[in-house]
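Let's take a walk through this structure together.

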Amino acid sequence: VPEGGVIRVTLLGTGGSAGVPMIGGVDGTGDWGECDPAEPRNRRTRTSIAVQSGGATLLVDTGPDLRSQLLAGGIGRVDAILYTHAHADHITGLDDVRILNRVLGRPIQAFGTAATMDDITGRFPYAFRPWKPPGFYRPVLEPVVVEPDAEIAPAGIAVRLFDQDHGMLRTLGLRIGGFGYSTDVVALDERAFAVLEGVDTWVVGCFQRGPHRTHAPLAQVLRWVERLRPRRAILTHIGPDLDWAWMRANLPPGVEAGFDGMVLE
C-alpha cells in the first residue's frame, strides 16, 4: 500500500451491470456483443475500484464479483467502503465483507447518501445489526450517511464527493487528490465540474456508443473530457458494444479504455 501522497487505484471491475460476456450466446458460453472473445481485456466484471493511500484501502462499491476481484488484485484488507449508489451490480457482493471483517477484527464503516444507505440496509438488514463478538459469521457494517457534496475522510483518505445524475436516481462521484471517479452517470452539473476541475486522472463511465437512458454515450463523455482536459481519461462501466481494439483505434489521445485489474498511480 503506498504511503504519503501517493494514490494507487485498482480498477477491480470495468463492466456494466451484466458484465462482458453477458449470460447467453449461441452456445450458452456467453454473449460478447461487439467484443472479441480472444481479447482478454474484453472480459469485464462489474464496476468497482479500490483506492490505496497512506497505508489504508478504501473500497468503492461491493459488486457481485467482489471476492474474485480482491483476490485478482492482491487486495487482502479493506479499511472502509464507499457506496456510489444501491443498484444490484454495486452492492450484491456485500456478504463477502464478512471475511474483510475477520481480517480487520472489527466492523467496517460504510459511507453513502441517505437514499443509498436506506436501500442497502433494507436489503441487507443483518449486515447492519450491532456486532456481538467474538467472530464474524455475517458481514458487520456501520452506516455513515453523507451529503452528496460532503468532504469526508474514510479510513483517513480525504474524499470530496459530488452529485451525479444516473437517470433513475442520483449517484456519488468522488475526487481524491488528482484522481476523479464518475461511474454510472448520464449528466453532470456545474457543481460536479467545479469539483473535477484540474483533475489529473479521471475514470468515467461509458457504457456504449449510442444514447442510453441512464449512461452517457461515448460522444458525451468525450465532450466532458474536452472540457476538463485531464492528463488521462479512462473509461469504465463498459458494455458489450465497445470492443477493446475498436476503442484503442478510435479513442482520441489521452482517452483510453480501462480493463479489469488495471492499476493507476
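The sulfur of Cys206 has its closest cysteine sulfur in Cys35, and at 12 Å that partner is too far away for a bond. Seen from the other end, the sulfur of Cys35 likewise has Cys206 as its closest cysteine sulfur, again 12 Å off and too far for a bond. A disulfide is a covalent bond between the sulfur atoms of two cysteines. Here the term is applied to a pair of cysteine sulfur atoms within 2.5 Å, and the structure holds zero of them. Cys206 has a relative accessibility of 0% and therefore counts as buried, and Cys35, at 4%, counts as buried too. For these labels, buried means under 20% relative accessible area, exposed means over 50%, and partly exposed lies in between, with a 1.4 Å probe and protein chains only.

A word on what you are looking at: this is a predicted model, in which local features need pLDDT of at least 70 and side-chain atom pairs count only at pLDDT 80 or more, while totals for chains, interfaces and linings use all residues. Residues are numbered from 1 along each chain as its sequence is written, and side-chain values use heavy atoms, with hydrogens and water left out.

Now please find strand β11, residues 201-205. Helices (H or I, at least four residues) and strands (E, at least two) are DSSP runs, numbered from the N terminus.

Which strands pair with β11? Two strands count as paired if DSSP finds at least two bridges between them. Strand β10 (residues 179-182) runs parallel to β11 and is joined to it by four bridges; in this pairing, Tyr181 stands opposite Val203 of β11. To get from β10 to β11, the chain passes through helix α5 (residues 190-196) in a right-handed β-α-β crossover. Right-handed means that, with the strands pointing away from the viewer, the path from the first strand over the helix to the second runs clockwise.

Strand β12 (residues 232-236) also runs parallel to β11, with five bridges between them, and Val204 stands opposite Leu235 in β12. The chain goes from β11 to β12 by way of helix α6 (residues 218-228), and this β-α-β crossover is right-handed.

Arg227 lies in helix α6 and Glu190 in helix α5, so the pair ties together parts that are 37 residues apart in sequence. Arg227 is partly exposed at 46%, whereas Glu190 counts as exposed at 52%.

Another salt bridge links Glu226 and Arg229, 2.5 Å from N to O. Here Glu226 is partly exposed at 47% and Arg229 is exposed at 60%.

Finally, look at Asp165 and Arg170, whose closest N and O atoms are 3.9 Å apart in a salt bridge. Asp165, at 23%, counts as partly exposed, as does Arg170 at 44%. Together with Asp163, these two residues are linked in a network of salt bridges.

Methods
A salt bridge is a side-chain nitrogen of Lys or Arg within 4 Å of a carboxyl oxygen of Asp or Glu.
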